[in-house]
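Dear colleague,

Please find below the structure for your review. My notes on its aromatic rings follow.

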Amino acid sequence: MAAHRKLRARSLSGNTARTAATLALAGAATATAFDGTGHAEPRLTTAQVKAQVDRLYREAEGATEKYNGAREKASAAQRRLNSLRDETARRQDRLNTARGALGASAAAQYREGAIAPSWQLALSSSPDRYLDDAAFAERAGHHQAQQVTRVRAKLREIERLRGAARVEAKSVRSRQAELKRQKDAVTTKLKQARRLLARLTPPEREKATTGAPAAPVRAGAGGRSAPTPAASGKASGRTTAPATRIPAPTSRASAAVAYAYRKLGSPYVWGATGPNAFDCSGLIQAAYRSAGISLPRTTYAQINAGRRVSRSQLQPGDLVFFYSGVSHVGIYVGNGRMIHAPNPSAPVRVAPIDQMPFAGATRVA
């Protein structure tokens, strides 16, 4: 029998080894590229980051206003549901009382062993008295029938209230689901903006969130804004009050403007209505609440809360709205400026109304 010999492994020559190593590295790089982990995110300029962050903030603000509206509706639906439940409980108590009275009357009749009226008349020793008693019994029977009718009516009303409560409970659940959707939309946009800003150096981040310095504006011909030579502050506005203020035309408008000035520097927090933090419509609502005027919660409701005025007719205290979706609002303070709560990167501040697309204005006081 022939002996079997084990074949000896051949060693790779230098060129072969280098080729194999090159192919292996190329394959690994290709695999990494397909995994999506081999490419660094492209370096964006400060201007590109600013553009993307501004867009995300606008989208987040639009979602914030929808969130505010959904929260108002959810709260109203919950109040209606609580009211229906309270009314049902009160009517149930009255029904239980009526049922108790009806049961006591039936038990008394059973104990007395009442017999048919014709037999009572035949056996009575005093027909006249019997007839008086029979008339009373008929009235008592009529009263009892009324009691039964009232109990049945109470039962129907309670069932109606319970049905309405079931419908309202469904509405509450729907409103709460919408609230969550809008909250998720806001937080997602804000997280994306924070990630973009985190890629910048501190000076770049400052520039991206505040912009280059811009000149203050004064009212020009026809109410249009025009630059003034006394440039100060940043494009997104000053957080300090100007040396001189234009008086508001009414006491309530003056009170609202004064409140807004006192809140300069307060942080922007979406969904907040003060007293220490605000979103844009929350600041407006709080300012006019301090003046004794109740305004709706959202920008798209606030724009319809008063009398529309043109841009050329603006006076301190007027509400000024921006963007096609009416997603941002400020309170006009004169000289082409407003006080507003811009976004999470900027506190409540004075800013020119020219820095955003103007959508309309409303006078509420």
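**Aromatic contacts**

Phe 278 is buried, at 0% relative accessibility; the term buried means under 20% relative accessible area, with a 1.4 Å probe and protein chains only. This is a predicted model, in which local features need pLDDT of at least 70, side-chain atom pairs count only at pLDDT 80 or more, and totals for chains, interfaces and linings use all residues. Residues are numbered from 1 along each chain as its sequence is written, and side-chain values use heavy atoms, with hydrogens and water left out.

The structure contains three aromatic pairs (ring centres within 6.5 Å, using the six-membered ring of Trp; edge-to-face means planes over 60 degrees apart). In one of them, the ring centres of Tyr 67 and Trp 270 are 4.8 Å apart and the planes meet at 75 degrees, so the pair is edge-to-face. Tyr 67 belongs to helix α2 (residues 46-112), whereas Trp 270 lies in the loop between α6 (251-262) and α7 (280-290), 203 residues apart; helices are DSSP runs of H or I, at least four residues, numbered from the N terminus. Tyr 67 is buried, at 11%.

Phe 278 pairs edge-to-face with Tyr 259, at 6.4 Å centre to centre and 85 degrees between the planes. Tyr 259 is in helix α6 and Phe 278 in the loop between α6 and α7, 19 residues apart. Tyr 259 is buried, with a relative accessible area of 11%.

Two charges also sit over rings (CZ of Arg or NZ of Lys within 6 Å of the ring centre and within 35 degrees of the ring normal). Arg 245 lies over the face of Tyr 261, 3.8 Å from the ring centre, and the charged end of Arg 311 is over the ring of Phe 358, 4.9 Å from its centre.

Kind regards

Key. Rings of Phe, Tyr and Trp (its six-membered ring) pair if their centres lie within 6.5 Å; planes under 30 degrees apart count as stacked, over 60 as edge-to-face and the rest as tilted. Helices (H or I, at least four residues) and strands (E, at least two) are DSSP runs, numbered from the N terminus. Buried means under 20% relative accessible area, exposed over 50%, partly exposed in between (1.4 Å probe, protein chains only).
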